[in-house]
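Please read the following account alongside the sequence and the coordinates.

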Amino acid sequence: MIARIFATAITEAHIARRNRWVLIAVGLMVVFSLVLSAVGSAPSGGLGADRLSVTVASLTSLSVYLVPLVALLMSFDAVAGEVERGTLPLLLTYPVARWEILAGKLVAHTGILLVALVAGYGAAALIAVAGDPAAAAGFAALWRLTWASTLLGATFLGIGYALSSLARRASGAAGLAIGLWLGLVVLYDLALLAAVVADDGGIFTTRFFPAALLANPADAFRLFNLTASQATAAASGIGAAGATIALWKSLVSVLVWPLIALGFATLTFRKVEP
Amino acid sequence: MTSTLTISHLTKAFGGVKALSDVSLDVAAGERVALLGHNGAGKSTLMKVILGLIAADSGEISVCGSAPGDAAARARVAYLPENATFHSALTGLEQITYYLRLRGEDTSGAMTLLDKVGLGHAANRRIGTYSKGMRQRVGLAQTLIGRPDLLILDEPTSGLDPVSRRDFYQLLDGLAAEGAAILLSSHALTEVEARTDRLLILSGGKMVATGSLTDLRREAALPVAMHITAINGYDADVLSVLPDAIRVGSALHLTCTQEEKLGTLALVAGLKEKVADIDVIPPSLEDIYSHFSRRDGQ
């Protein structure tokens with residue numbers, strides 16, 4: 001079982017390396033992290049926080065957008081591409097379970113994402129530590145951001161595999177993936193903000209708004225990191241609005257979402273008839 | 001001899017259209033069986049049902065003693081899809097290594113397999129740069145992994161040049177001699193005729209004929225053609241004895257049933273001093289194939 005999962009993981013890693021996905025993911029993370037840490041260094045004096053903690057708060061806001069995007073871009077082709085190329089029927093005649101195939105892809109894609117995260121966050125952390133000797137205090141927050149980002153990535157990889165199985169055509173899966181990213185990461189927050197403003201402290205704001213934040217993996221991720229590092233002051237918008245939600249709730253959401261997404265992916269892949 | 005593959009009364013429909021109806025067949029260990037039929041006759045569907053890729057509506061199927069698609073069955077069956085395709089970013093060596101790992105085989109055998117199908121020189125090139133014939137040979141190489149008991153080959157020689165075809169059938173002969181059962185589909189009737197033990201003809205989802213070529217030739221009872229060349233000036237004499245013959249160029253063409261064949265030959269033998277040459281042409285495999293696949297209202 002483990003051997004078969006790693007067989008697929010090695011093959012997927014070869015493909016990602018050849019298709020420049022490793023390079024693109026690392027490049028994106030490093031460039032955006034460096035830009036953010038350069039821009040985000042200005043207000044640190046006024047907040048009384050060490051420079052790395054401020055960088056982590058900025059990286060959290062960046063990762064909410066970038067990690068789901070990179071994960072969806074790597075995963076939308078996973079099943080639909082195999083169906084379109086005609087490679088799936090042969091693969092499914094091998095003594096390998098469908099969930100093992102997905103697990104192999106997940107191992108490879110998560111590994112690539114992790115390399116990109118370490119490169120991007122590492123570069124930003126180096127700059128922060130170099131500019132502020134007290135920045136070492138922020139390492140706990142950076143570590144937390146790294147594993148939470150990996151889980152966020154796994155969630156969106158799972159969603160990507162599920163969309164890929166549902167669409168069965170790579171172009172359709174790509175469209176669904178971009179639409180979902182736009183919906184969950186951008187429009188969801190805008191809609192919530194608009195509703196909160198319109199509600200003006202009513203039942204929606206006190207009852208439904210916290211649940212709505214926890215139900216969205218991207219919002220739960222941001223909430224968890226900002227609450228845990230008590231950096232909500234450095235954030236704005238939705239992050240600040242959710243400051244009243246208990247830490248354990250967002251932690252549960254961050255931990256459970258990858259399981260839901262990957263379970264859903266396995267179910268949809270099982271229904272694909274080659 | 002025990003059958004490696006047994007199918008009885010298999011039926012499969014897609015949205016009300018019957019792709020396979022009441023198909024029964026068996027393939028014994030060491031037997032090479034060819035599956036013939038028009039495009040859309042149900043060959044690929046039959047193969048996918050045997051592989052467990054699609055479920056049958058009704059009927060019994062036993063693959064190496066297991067249900068189709070079971071882990072036990074998949075471990076013992078090799079498949080070559082029609083137009084084998086692979087990820088273009090992988091090299092031939094990486095692709096074969098992947099398949100070896102999935103079957104739990106030693107990956108050091110990858111180069112040997114590629115050499116066996118004549119791809120050793122291209123092992124480290126991406127499959128995206130391969131020709132169709134080379135991709136087909138990657139497909140063949142993966143069917144040789146781990147001594148399968150049953151090989152399901154969907155048009156295995158399409159895209160191969162004549163020399164590669166001959167090498168391919170030699171590989172098959174070796175596998176069959178070691179006890180593998182082989183079911184292959186093909187449109188190249190003449191090579192199937194020489195290289196398989198038995199033919200199955202599917203038409204419109206029904207099994208319309210099964211048996212060796214000799215069996216099918218007898219069953220079809222197609223007429224035998226004779227081309228007689230008379231010695232100069234004796235055409236009329238020959239025609240008077242064989243009034244059904246037609247003059248085509250310098251030869252006389254005649255057809256007769258299998259039963260009349262010897263009698264007709266005796267008549268020609270009686271004209272020995274007037275006949276320069278005679279060719280007896282039995283019905284070709286194409287004729288027999290068309291006979292069976294058209295009989296079903298096509």
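Of the 298 residues of chain B in this predicted model, 41% count as buried. The secondary structure of chain B consists of 11 helices and 13 strands, and its C-alpha trace spans about 75 × 45 × 35 Å along the principal axes. Where contacts in chain B join residues at least 6 apart in sequence, 70% of them link residues at least 24 apart.

Chain B is divided into two domains, with domain 1 covering residues 3-218 and domain 2 covering residues 223-282. The C-alpha centres of domain 1 of chain B and domain 2 of chain B are 45 Å apart.

Of its 6 residues, 5 are buried, so β8(B) is largely enclosed by the rest of the structure. Two pairings of β8(B) can be followed. With strand β3 (residues 32-36) of chain B, β8(B) pairs in the parallel sense over 4 bridges, and B:V33 stands opposite B:R198 in β8(B). With strand β9 (residues 206-211) of chain B, β8(B) pairs in the antiparallel sense over 5 bridges. In this second pairing, B:I201 stands opposite B:A209 in β9(B), and B:S203 stands opposite B:K206 in β9(B). The strands β8(B) and β9(B) form a hairpin with 2 residues between them. In the turn of that hairpin, B:G204 has a positive phi of about 55°. As a general point for reading these pairings, side chains in a regular strand alternate between the two faces of the sheet.

The packing of nonpolar residues can be considered next. The largest nonpolar core has 147 residues, and B:I152, B:I182 and B:L200 touch the most other members. Leaving aside residues up to four places away in sequence, B:I152 touches B:M47, B:I50, B:L51, B:V77, B:Y79 and B:L183. Apart from this core lies another, of 8 residues, which includes B:I228, B:V238, B:A245 and B:L254.

B:D22 has a positive phi of about 50° although it is not a glycine. With 14 other C-beta atoms within 10 Å, B:D22 is partly exposed.

The account now turns to chain A. Its secondary structure comprises 13 helices and 0 strands, and the order along the sequence is α-α-α-α-α-α-α-α-α-α-α-α-α. The radius of gyration of chain A is 20 Å, close to the 19 Å that the globule rule gives for 274 residues, so chain A is as compact as a globular protein of that length. Its C-alpha atoms fill a box of roughly 60 × 45 × 30 Å, taken along the principal axes. Buried residues make up 48% of the 274 residues in chain A. Among contacts in chain A with a separation of 6 or more, residues 24 or more positions apart account for 83%.

Two loop positions in chain A illustrate its local features. A:R20 is placed in the loop between α1 (2-18) and α2 (21-39) of chain A, and its phi is near 70°, a positive value in a residue other than glycine. Is A:R20 buried or exposed? A:R20 is exposed, because 11 other C-beta atoms lie within 10 Å, and a residue counts as exposed at 12 or fewer. A:A136 is found in the loop between α7 (98-131) and α8 (139-167) of chain A. With 13 other C-beta atoms within 10 Å, A:A136 is partly exposed. The C-alpha atoms of A:A136 and A:G86 are separated by 52 Å, the two residues being 50 residues apart along the chain.

It remains to describe where the chains meet. Which elements of chain B supply the side that touches chain A? In total, 23 residues of chain B are in contact with 20 residues of chain A. On the side of chain B that touches chain A, α2 (71-76), β5 (77-80) and α3 (92-102) of chain B each supply at least two residues. Of the elements of chain B, α3(B) gives the most to this side, with 5 residues. The residues on this side of chain B divide into 15 nonpolar, 4 polar and 4 charged.

Notes. Residues numbered from 1 in each chain as written. Chains lettered and ligands numbered in written order. Predicted model: local features only at pLDDT ≥ 70, side-chain atom pairs only at ≥ 80, totals over all residues. Rg over C-alpha atoms; globule rule 2.2 N^0.38 Å. Buried ≥ 20, exposed ≤ 12 C-beta atoms within 10 Å, placed from the backbone. Contact = placed C-beta atoms within 7 Å. Nonpolar A, V, L, I, M, F, W, Y, C, P; charged D, E, K, R; others polar. Core = buried A, V, L, I, M, F, W, Y, C linked by C-beta atoms within 7 Å. Pairing = 2+ DSSP bridges. Domains from an automatic or database assignment.
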